[in-house]
Amino acid sequence: MSTAILTGQPVPGSSIEGDLRSLGFDVRVAVDAADAERLVAEAPCEQRVALVDARFVGHVHALRLGLSDPRFPLAAVPGAVTAQPEGRVTLTRALARDNSAGSGTALAVDSLPDRIVTALADDGAEVYRPELGSLVAAVPADPQARNEARQAVADVDDEAVRLKSAVKSRDGFFTTHFISPYSRYLARWCARRGLTPNQVTTASLITALIAAACAATGTRGGFIAAGVLLIASFVLDCTDGQLARYSLQYSTLGAWLDATFDRAKEYAYYAGLALGAARGGDDVWALALGAMILQTCRHVVDFSFNEANHDATANTSPTAALSDKLDSVGWTVWVRRMIVLPIGERWAMIAVLTAATTPRITFYALLIGCAFAATYTTAGRVLRSLTRKAQRTDRAAQALADLADNGPLAGLLARVTRAPLGAPFLVALAGTVVLAVALFSGMTWAPVAGAVVYAIAAAQALYRPLKGALDWLVPPLFRAAEYGTVLILAAEADVNGALPAAFGLVAAVAYHHYDTVYRIRGNAGAPPAWLVRAIGGHEGRTLLVTVLAALLTASQFTVALTVLAVAVALLVLVESIRFWVSAGAPAVHDEGEPA
């Protein structure tokens with residue numbers, strides 16, 4: 001149990017002690033600053049400790065936001081400050097210095113917690129201060145101010161604010177108007193019954209997998225059930241994040257589950273649709289794999305652009321100014337959010353088309369919609385990059401290099417060539433074009449030669465830091481090249497099982513790339529070098545697949561793709577699970593796909 005230490009003169013009729021206990025704190029009372037320092041030292045080192053002014057007046061949710069969020073070592077609201085175990089030393093140092101300066105005098109003159117927050121800021125410590133909005137958190141100086149603060153508390157519905165803040169401030173049209181109006185109440189229902197966000201996330205995954213199984217039956221009843229269950233899965237997917245924000249239940253494991261399950265659900269559903277179509281005599285595995293590749297490459301564009309620009313200097317452009325101007329017109333905001341086909345709109349479209357049409361039509365609509373969205377967003381970002389004069393940092397360049405996923409072959413080729421051949425983006429683009437031409441040449445060994453050129457281009461693209469205006473496009477180019485190679489060669493094999501095996505391989509590699517993204521977002525760096533070497537890097541896998549296609553028969557190639565998919569999946573999953581459940585993993589909460 002966490003410990004809260006009340007400081008200052010107690011106020012008759014105050015509910016602060018009960019409020020703190022309702023938040024799970026063991027409450028102690030300090031008679032002066034020296035006593036507060038002693039009580040902090042006596043509190044268990046592995047637990048959270050908080051200092052709260054006994055005169056505090058405010059909403060319980062304001063205290064919850066300031067004292068219960070697990071993501072921040074130090075946090076504060078007016079009249080209260082808290083430290084998790086990793087922030088205890090900093091808090092104790094500031095408290096000891098304040099106590100020494102005040103010589104242990106009584107605390108009725110001003111607020112000890114607020115003085116400690118000032119001291120922490122002077123020390124350069126990062127103290128999280130939540131946005132309270134209409135919530136009240138204050139330490140009134142006199143009876144009149146106390147009465148006014150109490151009236152302000154009474155004028156605001158604490159629970160209504162808590163429910164509203166559980167919903168993401170920026171979301172898609174479908175999610176905002178068709179899901180969140182009731183999913184927030186489902187989140188509260190889950191919280192009151194002790195359910196955790198991870199349990200809801202798991203329920204969402206299971207529901208989506210059942211939906212995929214229904215789609216795999218290939219019957220009209222199965223397709224209708226699949227569409228309904230996919231929407232139910234999305235409702236639960238919204239609920240888990242709202243539950244996390246409602247009850248402040250953020251965790252390392254939750255970050256990992258939230259970051260990966262959305263993709264697992266969507267791509268498992270694609271596989272279910274392809275299996276269902278096959279039962280009806282229609283082979284749409286190429287469409288399913290194409291949809292997965294397109295969606296993954298869209299996300300890589302998002303990730304690369306954001307990582308390249310989140311800490312860039314002079315990060316403005318005429319295109320960005322026009323975008324901000326359009327956002328000031330109400331209806332354009334919703335139109336622009338809808339046309340990028342975010343997860344809510346995308347899943348709703350898939351669900352409706354599954355229930356009402358066929359898998360082939362569903363995939364055609366998905367491919368057309370995602371292609372338009374990818375063209376729209378990528379074109380806008382290219383224009384921004386060309387018109388802004390941003391200076392990218394070393395951190396951004398390293399993040400792009402990590403996202404590129406170069407392997408040992410590219411490293412060897414870089415040491416051999418010893419000199420850059422040109423701008424990173426242009427080199428990567430040239431290598432990708434050569435590979436594409438070779439894949440469509442119709443000659444058996446041409447793809448191998450193209451893959452060799454591509455590997456050289458991969459080495460050259462990362463020879464210099466990725467700080468050019470369009471260098472953020474290097475990772476998406478590599479993703480498209482590798483995934484596209486697997487798709488084209490599997491389709492050319494033209495045997496049963498080749499495209500499903502290719503689907504499995506791309507899914508395993510895509511998981512590795514998503515895992516890399518979320519490690520970078522958590523400031524934990526890229527996956528370990530041994531893992532990248534073990535699975536070959538994108539250029540090594542691309543070359544290997546082309547060699548296998550040239551050497552083996554179609555049936556043998558299918559078996560080889562299956563073995564490669566299983567090997568890559570086992571390696572990346574074992575390492576990912578080890579990392580995300582370890583104590584060293586970043587305790588971040590990801591808000592999911594941008595709307």
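**Close-up views of a predicted model**

**View 1. Asp 53 and the residues around it.** Asp 53 is buried: its relative accessible area is 0%, and the cut-off for buried is under 20%. The model shown here is predicted. Asp 53 belongs to strand β3, which covers residues 49-53. Beyond the residues up to four places away in sequence, Asp 53 touches Leu 6, Thr 7, Gly 79, Asp 110, Ser 111, Leu 112, Pro 113 and Val 139.

**View 2. The largest nonpolar core.** This core is made up of 105 residues. Tyr 270, Phe 363, Phe 503 and Leu 505 have the most contacts inside it. Helix α22, residues 498-521, gives the most to this core, namely 15 residues. In soluble globular proteins, nonpolar side chains tend to be buried together.

**View 3. Contacts of Phe 503.** With neighbours within four places in sequence left aside, Phe 503 is in contact with Tyr 267, Tyr 270, Ala 271, Trp 285, Ala 288, Leu 289 and Met 292.

View 4. The chain has 25 helices and 7 strands. Its radius of gyration is 28 Å, close to the 25 Å that the globule rule gives for 595 residues, so the chain is as compact as a globular protein of that length. Of the 595 residues, 54% count as buried. Among contacts with a separation of 6 or more, 80% join residues 24 or more positions apart.

Key:
Residues are numbered from 1 along each chain as its sequence is written. This is a predicted model: local features need pLDDT of at least 70, side-chain atom pairs count only at pLDDT 80 or more; totals for chains, interfaces and linings use all residues. Side-chain values use heavy atoms; hydrogens and water are left out. Helices (H or I, at least four residues) and strands (E, at least two) are DSSP runs, numbered from the N terminus. Buried means under 20% relative accessible area, exposed over 50%, partly exposed in between (1.4 Å probe, protein chains only). Contact means heavy atoms within 4.5 Å. A nonpolar core is a set of buried Ala, Val, Leu, Ile, Met, Phe, Trp, Tyr and Cys residues joined through side-chain atoms within 4.5 Å. The radius of gyration is taken over C-alpha atoms; the globule rule is 2.2 Å times the number of residues to the power 0.38.
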